[in-house]
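Here is a short walk through one protein model, written for someone meeting it for the first time. Have a look at the structure, then read on.

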Amino acid sequence: MSQVRVRFAPSPTGPLHIGGVRTALFNHLFAKKHGGVNILRIEDTDQTRFVPGAEEYIVESLKWVGIEFDEGVHVGGPYGPYRQSDRKSMYRQYADMLIEKGHAYFAFDTPEELDEMRERLKAGGMSAQYDAVSRMGMKNSLTLPADEVAKKLANGDAYVIRAKMPRKEEIRFEDLIRGWVSFNSSQLDDKVLMKGDGMPTYHLANVVDDHLMKITHVIRGEEWLPSAPLHVMLYRFFGWEDTMPKFSHLPLILKPEGNGKLSKRDGDRLGFPVFPLQWKDPATGEISSGYKESGYEPDGVANMLALLGWHPSDNREIFSMSELVEAFTIEKISKNGAKFDIDKAKWFNHQYLMAKDNKAIAQELQAGIEAKSWNFDLEYCTKVVALMKEKVSFAKEILTAGSFFFEKPTLFDEKVVQKKWNHTIASQLVDFAKEIENLTEFKAAELETTFKTFAESKQVNPGQLMQPLRLAVSGQAGGPPIFEMLELLGKTTVVERIEWAQKNLVSVSQ
RNA sequence: GGCCCGUUCGUCUAUCGGUUAGGACAAGCGGUUUUCAUCCGCUAAAGAGGGGUUCGACUCCCCUACGGGCUACCA
């Protein structure tokens, strides 16, 4: 097999949806697996849908999840340009080639005439499309006299170029995921190849570009499956069938609750991001949340996405990018759509957080710490991370769930206050505070033995005292191992907080 | 409506004709941590329905049902 060349070809009409990221990921994995080339091509043939910033967003998003490209808009390469609007002048000759061969034709119908045709066909119970049957009743170079066509073209009358689909022909191709798929050309319409504005449609552009860029495998979403036979026909028309890429149509990512593919709107409605990075709509100013800003670890997101619709035959769940590359095969991609599961995404994130270096996490938290005007050195923050990370799904939660490491708690868990706090306990804790003030080694082990002997001397169950102690110091019912927590907080802070709580914490049940 | 694709625990999935149908998330229960959100253990949980083919079908074929995608001078 010649060198594998794949492409990810999004259109810059807005932020890249998580399903698009997965498509890009599968392309990347496949390319890397086979020592091939991964290309980023921008499909911006619809100028009316251009959204400023979208292209940059796509590049940044993919970079964030660890997807690299060997060729593309942002890195260049020998088959450029990689933006279809920059390739505009290349397409017309291919459309002309098809016309010469009799596989395409000029069509002069106005939008109104097209609507009329569709209405008429629908009323007659026929399929409402511009096809081998209906085209004979329309205004095109197949029905109009040659001189009139020439005159219209010379006049600059508006026209499009349409593919001339054969009336009845079986079109079969082998999809690497689904096996043989067949269509009959009688069901296909004469798709527009060149639009009135001189731009090609996706169909023409993607076939021409894939051919010119020597793409060997097209890995794209299932929504493209219905137009695949058109593309196959185009390869046939051009005489490129021998080098036609192999197709793989990926199953869709579905909404978690019910049905339908996951869409832009679902994310914030259901409380999770559908975009890799936060996106601000330049037109409306509306903000859609992103995985990055929500606190997800990029390698965890890649791992989670890879397992949505693909799995090797073992029982592993955690894969680094290189392990994904190693294990990846197209044949192991499942055929059916996958519902997105936010709980699993969180679980993956926790796994990656646990595996991550504490100091690195602490460093990433610095901005958040500074924003709160907390003043602690990196060493201290690293220790906080070490204690807190197993308790949270996201690194940034360390700053909220573990805020007591940085400032005196202001909120105290009401339930615990009511259930476990009273004057006796409070004064006992103050006594305990006095004892630990004498400790020369303010370490978890010493604290624990001191605490236990103290409880014994007061003839109380250590458990009765432990939660109030935690409450006084952190305000919370739960948290990291208590004596390690006290050690990190330090003698002065712990004693101060116990004394403060004794004076200020009141249970109404008293 | 038409065309196409799909259908294993609630969810993501393993199984490529012969298994006690496995794993993970979530759930429930229990344990550890004399607290807890972590951790550990256990439990419950599935082949859409109907026909074939076969000694044998979750696996192959057909039909039905259900789900999804597409049906633009959008990608």
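In what follows, Ala, Val, Leu, Ile, Met, Phe, Trp, Tyr, Cys and Pro count as nonpolar, Asp, Glu, Lys and Arg as charged, and the others, Gly among them, as polar.

A word on the ground rules. This is a predicted model, where local features need pLDDT of at least 70 and side-chain atom pairs count only at pLDDT 80 or more, while totals for chains, interfaces and linings use all residues. Residues are numbered from 1 along each chain as its sequence is written, chains are lettered from A and ligands numbered from 1 in the order in which they are written, and side-chain values use heavy atoms, with hydrogens and water left out.

**The two pockets**

On a 1 Å grid over the protein atoms alone, a pocket is an open set of points where a 1.4 Å probe fits, with protein on both sides within 12 Å along at least five of seven lines; lining residues have an atom within 4 Å of a point. Grid points are joined across faces, edges and corners, and a volume is the space filled by probe spheres set on the points. Helices (H or I, at least four residues) and strands (E, at least two) are DSSP runs, numbered from the N terminus.

The largest pocket holds about 1,000 Å³ of space. It is lined by 37 residues, and A9, P10, S11, E223 and W224 are the closest to its centre. Two or more lining residues come from each of β1 (5-8), α1 (18-33) and β9 (217-221), with α1 giving the most, four residues. The lining of this largest pocket divides into 15 nonpolar, eleven polar and eleven charged residues.

The second largest pocket has a volume of about 420 Å³. Among its 21 lining residues, T216, T243, M244, P245 and K246 sit closest to the centre. Here β6 (170-175), α6 (202-212) and β10 (246-250) each give two or more residues, and the largest share, three residues, belongs to β6.

Two strands pair if DSSP finds at least two bridges between them. Three strands form an open, antiparallel sheet in the order β4-β5-β8. Because β4 (104-107) and β8 (192-194) stand at the edges with a single partner strand each, one side of each has no neighbour in the sheet. From one strand to the next, the twist averages 45°. Four bridges join β4 to β5 (residues 160-163) in the antiparallel sense, and A104 has A163 in β5 as its bridge partner.

**Helices that pack**

Axes are lines fitted to C-alpha atoms, for helices over the stretch in contact, and angles run from 0 to 180 degrees between N-to-C directions.

| Helix pair | Angle | Axis distance |
|---|---|---|
| α17 (residues 423-437) and α18 (residues 444-457) | about 135° | 11 Å |
| α18 and α20 (residues 482-489) | about 120° | 8 Å |

Angles under 35 degrees count as roughly parallel, over 145 as roughly antiparallel, 65 to 115 as roughly perpendicular and the rest as oblique. That makes α17 oblique to α18, and α18 and α20 are therefore oblique to each other.

Most residues other than glycine have a negative phi, and most peptide bonds are trans. The peptide bond from G80 to P81 is cis, with omega near -5°; P81 lies in the loop between β3 (71-72) and α3 (88-100). S373, a residue other than glycine, has a positive phi near 60°.
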